[in-house]
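This report examines selected local features of the structure shown below. Please view the sequence and the model together while reading.

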Amino acid sequence: EGAFGGLGRTLGRVARLAGTVAVAGLAVGLVKAGRAAVDLDRGMRNVNSIAKLSEAGLQKLTKQVLALAGPTAQAPKTLAAGLYDIVSSGFKADDAVKILAVSAKAASAGMTNTAVAAKAVTAGLDAYHLGADQARKVSDILFETVNKGVLTFEELSLQMGDLVPVSAPLGVTLEEVGAAMATLTLQGVPAAEAATRVKNTMLQLAKPSKEMTSLLHDLGFESGEAAIKAKGFAGFLQLVSDKTKGNVTETAKLTPEIRALMGIVGLTGKNLETYNAFLDDMKHAQDGAGSSARAFAEQSKSLAFQWEKAKQSL
């Protein structure tokens, strides 16, 4: 009886301890949930400082954001931060949610966060004056660039703010920019340096050197912009490649700016075939499910995605 009594007392202590741990765990969980709710509310209030929705409208928008958390495995706080960037770019709430959904999937597919992906997608939409319904197209081209080049989605996203403000006004398509980034990074050029070379190559067309101006005039164009309008960026590269035969010394005569020179060299001559192949891939980035959806489907199989999805669903 004494032995059984001791066992009973021991089991009782274990039960009490287990209960204490469970209550403590519940308390910790409630604190974390409360903090998450506060963070989300703060983020959504920040969004509404621009969106100017009614309280009912804001609550509806908040529910839409929460509904994206589980399926995309992105934290509500992060989604709200991405939504703020989208709304800041001038998109109304209904359109902003559509862009947010694309950006959130792009973030999980590209192993980054929604805010980073949203800035990249909205940069493409704003620069090329595209509507929210074109968000998937922008995302697909970005992922196709990552697929063909040697860079991450986040690395590419961080360069969009430097690339598209130059490419869009000049008439260089996003597909042409993506093909250029893929081609240069495939040669071992880091993403940031590749972006600088692509940008400086385009700037040489916006403000050509005396030698480049002479070449353009010989080809029948008044300006670099006129050449792009008539031939496209790919066509311009072909013209330069034909003129220089891919020779670095001959190419150097066209531009005194070293990074523009390295950009042109990296995209002409023997590299032009690769560029043209990648450009064709960019034009087919939306085929089938699209490059973004394929990347998302692959990442969604990972344990990290499933774990994060479970957390956000809860």
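## Loop residues with positive phi

Lysine 245 is located in the loop between α11 (224-244) and α12 (248-252); helices are DSSP runs (H or I, at least four residues) numbered from the N terminus. Although lysine 245 is not a glycine, its phi is positive, at about 60°. Most residues other than glycine have a negative phi. With a relative accessible area of 70%, lysine 245 is exposed, a class that requires over 50%, whereas buried means under 20% (1.4 Å probe, protein chains only).

The model is predicted, with local features requiring pLDDT of at least 70 and side-chain atom pairs pLDDT 80 or more, while totals for chains, interfaces and linings use all residues. Residues are numbered from 1 along each chain as its sequence is written, and side-chain values use heavy atoms, without hydrogens and water.

Histidine 129 occupies the loop between α5 (114-127) and α6 (135-148). Its phi is near 55°, a positive value in a residue other than glycine. Histidine 129 is exposed, at a relative accessible area of 73%.

## Asparagine 48

Helix α1 (residues 2-51) contains asparagine 48. This residue counts as buried because its relative accessibility is 13%. A polar atom of the asparagine 48 side chain lies 2.7 Å from the backbone nitrogen of leucine 53. Leaving aside residues up to four places away in sequence, asparagine 48 touches Leu53 and Leu58, where contact means heavy atoms within 4.5 Å.

Key: Helix = DSSP H or I, 4+ residues; strand = E, 2+ residues; numbered from the N terminus. Polar contact = N/O pair within 3.5 Å; in protein donor to acceptor, adjacent residues only side chain to side chain.
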